[in-house]
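These are my notebook entries on a structure that I examined step by step. Each entry records what I looked up.

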Amino acid sequence: MVRQASAGPDNITHKKRKRRFGSDNWELTILGLPVVAWFFLFSYLPMFGIIIAFKRYRPVGANFFDSLWKSDWVGFENFLFLFRSPDAAIIFRNTILYNAVFITLGISVAVTLAIMISMLYSQVLAKVTQTMIFLPHFLSWVVVGYFVFSFLSTDRGLVNNLLISMGRQPVQWYIDTAPWPYFLIFINLWKGMGYSMVVYLASIAGIDISLYEAAAIDGAKKWQQVKHITLPMLKPIITIMFILAVGRIFMSDFGLFYFVPRNSGPLFNVTQTVDVYVYNALFRLNNIGMAAASGFTQSIAGFITIVSANYIVRKLTPENSLF
Amino acid sequence: MTTQRDRKQMEGFHKNNRIPVPVNVIFSCVFIFLAAICVLPLIFVIIISLSTEESIQRIGYSFFPQGWTGFAYEYVMNSSETVGRAFLVSIGVTVTGTIFGLMMNSSMGYVLSRASFKLKKHYTMIIFIPMLFSGGLVASYMVITQFLGLTNTYGALILPIGVTPFYIIILRTFFQTTVPDSIIESVKVDGGNQFLIFFRIVLPISLPALATIGLFLSFAYWNDWFMALLYIRSTHMQMYPLQYVLISIERNMDFLLRNAEFFGAAMDGGARLPAEAVRMALVVIAVLPIACSYPFFQRYFISGLTIGAVKG
């Protein structure tokens, strides 16, 4: 996404004309400085701060970095602590498995729906339903949590009301772990579908119509056109969305896994991901070391996955790689 | 040049190159069903917020409550100290944050769109590396609370989420493709500097892109609860934005009970705080501004997403 078309002809003449760092460059440098400062404060300082994972942090200094400097090095003690606990396996398993399902289902369902909606006769129906499907994307996870609660609440929820009216036993949904993987997958799909559909729809709209005309004249059925025109034309965007998603396979949506299950303890086995664990370790257990160690592992693993995902795509189809 | 007859023929052609009618019926049903699934929860929550407390106590949350009342909204309207305040905080943070984010992201976007800029590669690296690697929650939290001292400030709600590499790239791509070099050169010939060019020329002719990013930003600020969860303590309830009020009343209703005067006056005779309906009324108040506006702004979102999806 950031690859530059660096050596344009314009660029070359400029370099020839002025060797020194003229006023133009100074002005642009200054114009960009606020953002550089922002990245320094909010991105790069935390990157240095990540060594907290190798320290036994105590707030002994005047500020965070002073304290960090004065705290003792403990090597990999925090990591040993984390990985000897049963939590580590659970949180990394949950994060990766959920993401794997989110990625496969997310892409395949969204591509299918985008192709289907582009084939509807009625443009009005397509536009209206697509707009409605986009709604959940604009809601916060807190709000979604309340939506889910209105259905799953043990004593007032719609689902239990229906169960009771059918003469069945009500279920304690926020305690019963079995259905939660399906709930979380469904809710994530529900919230993200509109956004993904829009991305793929935009690409479908960009496909040259004459390709379909030619295929139809050759007698290709509609599904054959999808298979041989639409899908191949969507391949670049699907690849990009895939790399982006795989690169984030160690990250999870805190809101989804924290608010939607209402941070319910009995559900931790199936709802706790790395981000939820880091939050709970930091604020509930006050265990900075464990939180930092799991966060550090997440950052490093995330970095490796995104770089290698991009590397593999670059080897296979260079034009689809991200950087 | 296509003649009228050609066009007619093409339309005829497209009519033939369509899915069969039964398939169209099935697909239409699928999308009507999906649209209903996406919208019904919101309608359900609106109905709950308008249900009487007795109905909720007796038959639970239902699409068909036994009694209707707007009391929850009346209660909320009279909670100017608490809910009204939170509403103002949300609006204030959204407006300030959007302006801040627009200034930041667009200035950097413009700088990176200048092909002749000598530090372009360095600046690009600065915004690119954070896309691959981050310090994570613990270190960010520590830096913001114990180094920048932003705990219990509006800065904590605004600053950390204002700048996004994705927005910078969208704006850079937009400036690259739509701001002609000739305009910039001509201003420079007249002795104008880059600040003048950026503020007086580039920004005014880039309103569509700014509208897109402005929408991304304002929706993000309006919906944000994470910054408040991390950085606003319960000693500073007056700084809670609406989304965080929803979190805090999920834990307990203290926030609303602070509004004791109205509570006492309106509920003589042993009536209880209509907690369930009020909760859902707050959800509705947090959602409605977005639910009512996004259909009109949708195309800006879509244009932003499609620019962003194209490699720069």
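**Entry 1. Domains of chain A.** I looked up the spacing of the domains and found 34 Å between the C-alpha centres of domain 1 and domain 2 of chain A. Domain 1 of chain A covers 18–42 + 52–73, and domain 2 covers 85–320; such bounds come from an automatic or database domain assignment. I noted that four residues of domain 1 of chain A are in contact with five residues of domain 2 of chain A, where contact requires C-beta atoms, placed from the backbone, within 7 Å. On the side of domain 1 of chain A that touches domain 2 of chain A, three residues are nonpolar, none is polar and one is charged. For these classes, Ala, Val, Leu, Ile, Met, Phe, Trp, Tyr, Cys and Pro count as nonpolar, Asp, Glu, Lys and Arg as charged, and the others, Gly among them, as polar.

**Entry 2. Source of the model.** I recorded that the model is predicted, with local features requiring pLDDT of at least 70 and side-chain atom pairs pLDDT 80 or more, while totals for chains, interfaces and linings use all residues. Residues are numbered from 1 along each chain as its sequence is written, and chains are lettered from A and ligands numbered from 1 in the order in which they are written.

**Entry 3. Chain A as a whole.** I found 15 helices and two strands in chain A; these are DSSP runs numbered from the N terminus, helices being H or I of at least four residues and strands E of at least two. The radius of gyration of chain A is 25 Å, whereas a compact globule of 323 residues would have a value near 20 Å. This radius is taken over C-alpha atoms, and the globule rule is 2.2 Å times the number of residues to the power 0.38. Along the principal axes, the C-alpha atoms of chain A fill a box of roughly 85 × 75 × 35 Å. Of the 323 residues in chain A, 37% are buried. A residue is buried if 20 or more other C-beta atoms, placed from the backbone, lie within 10 Å of its own, exposed if 12 or fewer do, and partly exposed in between.

**Entry 4. Chain B.** I found 17 helices and zero strands in chain B. Buried residues form 43% of its 312 residues. The domain assignment of chain B gives domain 1 (4–49) and domain 2 (71–309). Here five residues of domain 1 of chain B are in contact with nine residues of domain 2 of chain B.

**Entry 5. One residue of chain B.** Is B:T153 buried, exposed or partly exposed? I noted that B:T153 is partly exposed because it has 16 C-beta neighbours inside 10 Å. B:T153 is found in the loop between α7 (136–147) and α8 (154–158) of chain B. B:T153 and B:M239 are 86 residues apart in sequence, yet 8.1 Å apart in space, C-alpha to C-alpha.

**Entry 6. Where the chains meet.** The contact takes 85 residues from chain A and 84 residues from chain B. On the side of chain A that touches chain B, helix α2 (residues 23–49) of chain A gives the most, with 19 residues. By class, that side of chain A has 57 nonpolar, 20 polar and eight charged residues.

**Entry 7. The largest nonpolar core.** I looked up the largest nonpolar core, which has 158 residues; such a core is a set of buried Ala, Val, Leu, Ile, Met, Phe, Trp, Tyr and Cys residues joined through C-beta atoms within 7 Å. A:I52, A:M197, B:V138, B:L282 and B:V283 touch the most other members.

Key. Contact = placed C-beta atoms within 7 Å.
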